[in-house]
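Open the model in your viewer and keep the selection tool at hand. The stops below go from one side-chain contact to the next.

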Amino acid sequence: MTKLNQNLCFEDVQNVVKTYIIQDEELKLIEKAYLYALEKHRGEKRLTGDDYINHPLNVAHILASMNADYETICAGFLHDILENPDNSREELVEQFGEEIVALVDGITTINRLSFNGDSDSKLASQRKILVGLTEDVRVIFIKLADRLHNMRTLWATPSASQKEKAKETLDILVPIAARLGMNQIKSELEDLCLRYSKPDVYFSIVERLNETKLERDQSVEKMIDEVHHILEEHGIKHKIKGRSKSIYSIYKKMDKGKRFNDIYDLSAMRIFVDTESECYLVLGLIHARFKPMPKRFKDYVANPKPNMYQSLHTTVFGVDDKLFEIQIRTYEMDRIAENGIASHWSYKEHGSNVKANIQNAMEQKLQFFKTIMDLRKEESSDEAFVDSVKSDLLKESIYVFTPKGDAIELPNGSTPIDFAYRVHSKVGDSMVGAIVNNQIVSLDYVLKDGDIVNIKTNKSAIPSKEWMNIAYTQQAKNKIKSFFNKADKEEYLKKGEEEVKAELRKRKTSFHEFFTPENTEKLLAETKCANLDELYISIGNGKTTATLALNTVQNNNDTKEELILKKVTEREVKPVQIKDDILVEGIDSLKVNIANCCQPIPGDPVVGYITKGNGVSVHRITCPNMENVDERVIAVHWNDTVSKKYHTSLLIEAENSKNVLLDVISKTSSGDIIVDSINTLKRTGDTSLIEVTIRVPNLEKLRKFMNDLESLKHIISVERLIK
Ligand code: MN
């Protein structure tokens, strides 16, 4: 892969493409895409001063060096064309067909969202990138190539956005490249990110490397000669390359507290052979001649990493008493190690139908992919989804093994509970204990790289709620939660049924007498339940009461309050507008107030409370004032057509700084939020507590506002205030 921004011409791309694409029509379409892009970008310049076409040329070139299919190369040329609203999508489809334009659409959406800058769009763009993996991974290849070239030319961008681009790249794109096994792109992106996010560190490492280069090169050359000699003696065909460690990997080691001089494996080499068995043969010969360093040997040939990486790693005391890190692999393993999932782009084996093949490989070979699919089903909001993926998948990970030797990848910090749920929810739900490396461990044991984990299960066992606090991954927590949601349902069902029976005893009515087919039908219609079980559950969890429910078919009311309740339930069940914005089921003439304690806004789940003499007051479901009330609770909903803004209060903890209040106000500039008052409640040495009362149209806007506030430098926390 070319390392720098180059002024490429089309022939440069074509030369690479022609090494693996032979179909004439495909080659012609690629040339057509280039000419089309050339025309559409004519006159445009990059910040580097180059003609714009240089960017698509580089992107296509990077894709071609990954052996991308012709559709992806075309999309590489065309990827920025729809950024310009003057260019017509229809025309693009006419010229290149839906398939290619779908790829261009994908990349345009991602780029537009991340360009937007606010926290919601960022989340949405990250989600798009992640979900894109499960839809058509080729969009992500283009995105990676696009970003790689933009990073190579980042010097031309103003320095503030340099740091931001570098951060975003490190946060999302580098981990994705790593999970897809695309080490070559990953490693170049990492070095570029370091250069712009920590230039002083980066250049000091470069300088130190240059200082020691000569000496190192000499030792490496000597070592290579010697290994050549040994392997030739034994008739093993091979190639050896000296290898420089990436600047980022040196930085990571120094960051962990190692000094530059102690990073012993600065000298590294790679040996390539034809077959797997030769890998082990070479390893044996090297260990026979050079003393290996204990505990530094890793066999990723027998136990590939979940991103398909295979290689033998060892560190030996080599010539000149220097330590050498040596990797031994076949040429095929190397192709996969450098390009990962993209190495499945093989025209030789699959002709032109490489798309299906690469998506298949994703599904079969990458655990990462399956977990994203899983989380995609479970997590509904952008935020929850992106959080889960980031915390479970994109963090530094460890590899642990099942007793059968299958590798499982988990974020560092995971416990046997996370392991069990990663294997299967059934394993997690029925876990009774864990054995790690033949020793019984407690469930809060923190797993280490290479651990062999054996989960003991028992069919009748169930999880403990305590596990939610022990589990590290969001995935395990979600699965435990969903187990209890199911279990709670059964409990509610029992409780609801008992309450109905008790109510019937109070009314001196037998079950059969009451539940005639006619009554049952009416009862279910009135309560909007599909069946009796559902009704019991909503009684059991307190959404309604047995009294209220049975009253829908049999009156048994004496008190004044119950008369209101009766009025509520006897009306025809159709939502009626009260005060326009709140719908109270079955009633149209009751006064409605918004509770002042918890200040619900549209979008908040709410309940109504029938007050003595003052109608229904509407609370958030989570309001502590609603904790121990049941009889007077009534279902209420926000009308879908709410257009007014509602008051609500936030409690902000902030560092004392002149600008905090101004910053808060500045985040309301979009006009969705109106600030009514700001009060400083308390000020200590370093921090202040501030109450902000705002008017806001709905929960979504409020969440966004709170996120925006939280991203401010001086703000420590933001929460909703309940008085
Ligand atoms: Mn671009």
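A charge counts as sitting over a ring if NZ of Lys or CZ of Arg is within 6 Å of the ring centre and within 35 degrees of the ring normal. Keep in mind that this is a predicted model.

**Charges over rings**

Select Lys465 and Phe484. The charged end of Lys465 sits over the Phe484 ring, 5.2 Å from the ring centre. Now pick Lys32 and Phe96. Lys32 lies over the face of Phe96, and the distance to the ring centre is 5.2 Å.

**The manganese ion**

Move to the manganese ion. Which protein atoms are its donors? Select His55 (NE2), His79 (NE2), Asp80 (OD) and Asp146 (OD), which lie 2.2 to 2.5 Å from the ion. Along the sequence these donor residues follow the spacing H-x23-H-D-x65-D. His79 is in the loop between helix H4 (70-78) and helix H5 (89-96), and Asp146 is in helix H8 (residues 137-152), so this pair ties together parts 67 residues apart in sequence. Color His79 and Asp146 by accessibility: both are buried.

**Aromatic pairs**

Show the aromatic rings next. The structure holds twelve aromatic pairs. Start with Phe10 and Phe77. Their ring centres are 6.0 Å apart and their planes stand at 50°, so the pair is tilted. The pair links distant parts of the chain, with Phe10 in helix H1 (residues 10-17) and Phe77 in helix H4, 67 residues apart.

Select Phe272 and Tyr331 for another geometry. Here the centres are 5.8 Å apart and the planes are at 15°, so the pair is stacked. This pair also links distant parts of the chain: Phe272 is in strand S2 (residues 267-273) and Tyr331 is in helix H14, 59 residues apart. Phe272 is buried, with a relative accessible area of 4%. Tyr331 is partly exposed, at 35%.

**Salt bridges**

Stay on helix H14 and select Glu332 and Arg335. Their side chains meet in a salt bridge, 3.4 Å from N to O. Both residues lie in H14 (residues 331-339), three residues apart, or about one turn of the helix. Glu332 is partly exposed at 43% relative accessible area, and Arg335 is partly exposed at 31%.

Go to helix H2 (residues 24-40) and select Asp24 and Lys28, which lie four residues apart there, about one turn of the helix. Their side chains form a salt bridge with an N to O distance of 3.8 Å. Asp24 is partly exposed at 47%. Lys28 has a relative accessibility of 57%, so it counts as exposed, the cut-off being over 50%.

Now select Asp604 and Arg720. The closest N and O atoms of this salt bridge are 2.7 Å apart. Asp604 lies in the loop between strand S13 (592-594) and strand S14 (606-610), and Arg720 lies in strand S20 (residues 715-720), so the pair ties together parts 116 residues apart in sequence. Asp604 is buried, at 6% relative accessible area. Arg720 is buried too, at 14%.

Finish with Asp69, Glu71, Glu99 and Arg138. Salt bridges with shared partners join these residues into one network. How many salt bridges does a search of the whole structure find? It finds 29.

How values were computed
Residues numbered from 1 in each chain as written. Predicted model: local features only at pLDDT ≥ 70, side-chain atom pairs only at ≥ 80, totals over all residues. Heavy atoms only, no water. Salt bridge = Lys/Arg side-chain N within 4 Å of Asp/Glu carboxyl O. Helix = DSSP H or I, 4+ residues; strand = E, 2+ residues; numbered from the N terminus. Buried < 20%, exposed > 50% of the residue type's maximum accessible area, 1.4 Å probe, protein only. Donors = N, O, S within 2.8 Å, 3.2 Å for Na, K, Ca; no water. Phe/Tyr/Trp six-rings, centres within 6.5 Å; stacked < 30°, edge-to-face > 60°.
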